[in-house]
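Please look over the structure shown here before reading on.

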Amino acid sequence: MAGSLILIGFMGSGKTAVGESVARNLGWNFRDADTQIEEELGMSISRVFEQQGEAAFRRAEEDVVLKLLDEAAAASQGVVLSLGGGAVTNARVFERLKAEPLVVLLDADLETAFARAQDGKRPLARDLARFKELYGEREELYRSVAKVVVDTRGMNVEETAAEVARKIKSVSR
Ligand code: S3P
């Protein structure tokens with residue numbers, strides 16, 4: 001089965017680690033939108049926010065995500081693509097995701113997500129009140145484009161990856 005499996009969800013839901021594991025298990029390629037943005041801009045996401053502001057980050061994010069979705073659609077081998085937590089707030093990305101068959105939401109509770117997001121790399125995870133607000137604003141967006149929802153509570157990366165593989169088999173059958 002070749003195709004694009006797109007992981008969405010809030011900061012700290014495990015999209016990158018789970019995406020790498022799912023890709024390894026399926027023998028698919030793995031692409032991470034945040035890593036690609038950092039490569040293209042030549043600096044970390046925190047630095048982009050500091051030096052150019054969030055709006056500049058969001059413009060770069062739109063370009064990179066749309067490009068990665070196009071590349072994945074054209075690839076002969078399957079691709080697992082992890083998107084940053086805010087990618088769904090972009091109208092063009094949101095529309096594209098609605099049309100994608102394998103969009104998987106990694107659902108994490110707020111406390112776990114906040115704890116996991118404290119690695120100093122996420123400018124929008126410094127303040128719990130703001131984090132909570134964003135979580136509330138985005139929940140509906142994630143759910144309206146997701147074709148599959150995986151509840152990550154109580155599961156480690158490998159267990160979550162196995163659950164993603166199990167659930168996508170049943171939707172792509
Ligand atoms: C963001 C999530 C981050 C990264 C940036 C903004 C967001 O990605 O794109 O810091 O707005 O939710 P992760 O979801 O991988 O942490």
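## Briefing on the predicted model

In this predicted model, contact between two helices is made where F94, L97 and K98 of α5 meet L141, S144 and V145 of α7. Sorted by class, the residues in this contact of α5 with α7 are four nonpolar, one polar and one charged.

**Helix packing**

- Two packed helices are in general described by the angle between their axes and by the distance between those axes.
- For α5 and α7, the angle is about 35 degrees, and the axes lie 8 Å apart.

**Nonpolar cores**

- In soluble globular proteins, nonpolar side chains tend to be buried together.
- Here the largest nonpolar core has 39 residues, and those with the most contacts inside it are I6, I8, F10, M11, L83, L97 and F131.
- Two or more residues of this core come from each of the strands β1 (4-8) and β4 and from each of the helices α2 (33-41), α3 (45-52), α4 (54-74), α5 (91-99), α6 (110-116) and α7.
- The element that gives the most to this core is α4, which supplies seven residues.
- If residues up to four places away in sequence are not counted, L83 touches I6, L7, I8, K15, A33, V65 and L97.
- Another core, of 15 residues, lies apart from the largest one, and V18, W28, V80 and A161 are among its members.

**A residue in strand β1**

- Leaving aside neighbours within four places in sequence, S4 is in contact with W28, A72, A73, V79, E100 and L102.

- The lining of the largest cavity is made up of F10, S13, L105, L106, D107, A108, Y135, E139, Y142 and R143.
- By class, these lining residues divide into six nonpolar, one polar and three charged.
- At least two residues of the lining are supplied by each of β4 (103-107) and α7 (128-145), and the largest share, four residues, comes from α7.

Key
Residues numbered from 1 in each chain as written. Predicted model: local features only at pLDDT ≥ 70, side-chain atom pairs only at ≥ 80, totals over all residues. Heavy atoms only, no water. 1 Å grid on protein atoms, 1.4 Å probe; cavity = no way out; pocket = protein on both sides within 12 Å on 5 of 7 lines; lining within 4 Å. Nonpolar A, V, L, I, M, F, W, Y, C, P; charged D, E, K, R; others polar. Core = buried A, V, L, I, M, F, W, Y, C linked by side-chain atoms within 4.5 Å. Buried < 20%, exposed > 50% of the residue type's maximum accessible area, 1.4 Å probe, protein only. Contact = heavy atoms within 4.5 Å. Axes fitted to C-alpha atoms, helices over the stretch in contact; angles between N-to-C directions.
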